[in-house]
Amino acid sequence: MTSSYPFLTRALAEALADVLWFIDGSEDEQMDQNEAVKVMEGVAHVVSTLSSVQQQELIALLGEMAAAETSPARREFLEEFPEGFGLIGDLS
């Protein structure tokens, strides 16, 4: 599976993960939690509309990012992203 724009795809995946990591870790004083939930749900909807190939590409990128991550908490966030945002079914 090769993207037509591999560097752009990687950069956008990293930016998306950064924004969502920030939102996920935000306290009430930093961000309205209702708005945070709306953003997270919006992202879940958008990634659910990606083609199967695009979803697999994103899952692979997130896996690469998680493997290279030195922060245990961020690595866990990246590893859980595919399930949390509906790219894969419930693993439990």
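1. Salt bridges number five in this predicted model, counting a side-chain nitrogen of Lys or Arg within 4 Å of a carboxyl oxygen of Asp or Glu. Local features need pLDDT of at least 70 and side-chain atom pairs count only at pLDDT 80 or more, while totals for chains, interfaces and linings use all residues. Side-chain values use heavy atoms, with hydrogens and water left out, and residues are numbered from 1 along each chain as its sequence is written.

2. Glu64 pairs with Arg10, with 2.9 Å between the closest N and O atoms. Glu64 lies in helix H3 and Arg10 in helix H1, so the bridge ties together parts 54 residues apart in sequence. Helices are DSSP runs (H or I, at least four residues), numbered from the N terminus. Arg10, Glu14 and Glu64 are linked in a salt-bridge network.

3. Relative accessible area is 45% for Glu64, which is partly exposed, and 25% for Arg10, also partly exposed. The classes are buried (under 20%), exposed (over 50%) and partly exposed in between, with a 1.4 Å probe and protein chains only.

4. Within helix H2, Glu35 and Lys38 are three residues apart, about one helical turn; their side chains form a salt bridge at 3.4 Å, N to O. Glu35 is partly exposed at 41%, whereas Lys38 is exposed at 53%.

5. Glu69 and Arg74 also form a salt bridge, at 3.1 Å from N to O. Here both Glu69 and Arg74 are buried.

6. Buried residues of H3 include Leu58, Leu61, Leu62 and Met65. The buried residues of H3 pack against helices H1 (6-25), H2 (33-48) and H4 (72-84), where contact means heavy atoms within 4.5 Å.

Note on methods. Helices (H or I, at least four residues) and strands (E, at least two) are DSSP runs, numbered from the N terminus.
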